Amino acid sequence: MLISFDQKEYQKLNDKSYQLEKRRLQIELLKLQEDVIKNNRRICIVFEGRDTAGKSSAFKFFAQYLIPKNFQYVNLGIPTKWESSHWFQRWKKVIPKKGEIAFLDRSWYTRAITEPIMGYCTENQYRTFMKRVTDWEDNHIEEGVELTKFYFSLSRDQQARRMNARKNSQLKYWKLSKNDEKIVTKWDAFTLYKKQMFDKTASEKSPWVSINSNNKMIGRLAALRYLL
């Protein structure tokens, strides 16, 4: 199941209205965290999407006023050789504990798109992942994990503008890696693998939630509202 969350009511927000809605939603998110702590809930939130789609800024938006000791931010980076061949074990260790919210800035789904496109995994590793991932998630859901999978989407032109802005920024240039510059040239391949990921891994228990992130502010509001 793929859910495209309606964002129309946010399209005409001015800055004052945006700040009021942001505050309202962040207050509700803090209430949710308090309930997670009180009732030993386990919430796992996946942020996926192309480079510059706003995954990291969405996490900062979500976590701005949360109680620090009861959430974790996860960005595992480049896997070791062992982790690459033990993919699900690599990610099992970051599944939230009782009373905790985990925000995953990229997730096990790196193997569904980036790794096969860039040649970081074998064809067999990719196919094995795609075959097993839904059952793996379902097992965690049955154990009490509340999983939300966000995919932040943006247009090709918008990505190019953001990449150029990073490249020319004295504060953000470090965010643009050589790997980023390579992967943006593979737009069509990325689109194909993304579609395959949606088709094969969006289940009734753990659907993908597609967020239009051409406007990051609207995208963040829409994502948080969906979660709540």
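Where is Arg106 found, relative to S4 and H5?

## Arg106 in its loop

This is a predicted model. In it, Arg106 sits in the loop between S4 and H5. Strand S4 spans residues 100-105. Helix H5 spans residues 114-118.

Arg106 is not a glycine, yet its phi is positive, at about 75 degrees. The side of the story told by accessibility is simple. Arg106 counts as partly exposed because its relative accessibility is 22%, and buried means under 20%. Arg106 will come up again below, in a pocket and in a cavity.

Now move to the loop between strand S2 (42-49) and helix H2 (55-63), where Thr52 is found. Thr52 also has a positive phi, near 75 degrees, in a residue other than glycine. Is Thr52 buried or exposed? It is buried, because its relative accessible area is 3% and the cut-off for buried is under 20%. Leaving aside residues up to four places away in sequence, Thr52 touches Leu154, Gln159, Arg162, Met163, Arg166 and Lys216.

Gly54 belongs to the loop between S2 and H2 as well. Gly54 counts as buried, at 10% relative accessibility. Follow the chain from Gly54 to Asn214 and you cover 160 residues in sequence. In space, the C-alpha atoms of Gly54 and Asn214 are 9.1 Å apart.

## The largest pocket

How much space lies in the largest pocket? The volume is about 1,200 Å³. The pocket is lined by 41 residues, and the closest to its centre are Asp51, Lys55, Asn75, Arg106 and Asp180.

What kinds of residue make up the lining of the largest pocket? It divides into 16 charged, 13 nonpolar and twelve polar residues.

The largest nonpolar core has 32 residues. Leu104, Trp108 and Phe129 have the most contacts inside it. The elements giving two or more residues to this core are strands S2, S4 and S5 (145-153), with helices H4, H5, H6 (123-142) and H9. H6 provides the largest share, five residues.

A second core is separate and has 28 residues. Among them are Tyr18, Phe59, Leu154 and Ala222. Leu154 is also one of the residues that Thr52 touches.

Not counting residues up to four places away in sequence, Trp108 touches Cys44, Val46, Trp87, Trp91, Ile95, Phe129, Val133, Trp136, Glu137 and Leu147.

## Cavities

How many cavities of 30 Å³ or more does a search of the whole structure find? It finds three. The largest cavity holds about 50 Å³ of space. Its lining consists of Cys44, Ile95, Trp108, Trp136, Glu137, His140, Ile141, Val145 and Leu147. H6 and S5 each give two or more residues to that lining. The largest share, four residues, comes from H6. By type, the lining has seven nonpolar residues, one polar and one charged.

The second largest cavity holds about 40 Å³. Here Arg106 returns, alongside Glu48, Gly49, Tyr109, Thr110, Ile113, Thr114, Tyr151 and Phe190 in the lining. These residues divide into four nonpolar, three polar and two charged.

## Cysteines and a buried serine

How many disulfides does the structure hold? The number is zero. Cys44 counts as buried, at 1% relative accessibility. Cys121 is buried too, with a relative accessible area of 11%. Cys44 also lines the largest cavity and touches Trp108.

Finally, find Ser84 in helix H3 (residues 81-85). Its relative accessible area is 13%, so Ser84 is buried. Setting aside residues up to four places away in sequence, Ser84 touches Pro79, Arg111, Tyr120 and Gln125.

Terms used
Residues numbered from 1 in each chain as written. Predicted model: local features only at pLDDT ≥ 70, side-chain atom pairs only at ≥ 80, totals over all residues. Heavy atoms only, no water. Disulfide = S-S within 2.5 Å. Buried < 20%, exposed > 50% of the residue type's maximum accessible area, 1.4 Å probe, protein only. Contact = heavy atoms within 4.5 Å. 1 Å grid on protein atoms, 1.4 Å probe; cavity = no way out; pocket = protein on both sides within 12 Å on 5 of 7 lines; lining within 4 Å. Points joined across faces, edges and corners; volume = space filled by probe spheres on them. Nonpolar A, V, L, I, M, F, W, Y, C, P; charged D, E, K, R; others polar. Core = buried A, V, L, I, M, F, W, Y, C linked by side-chain atoms within 4.5 Å.
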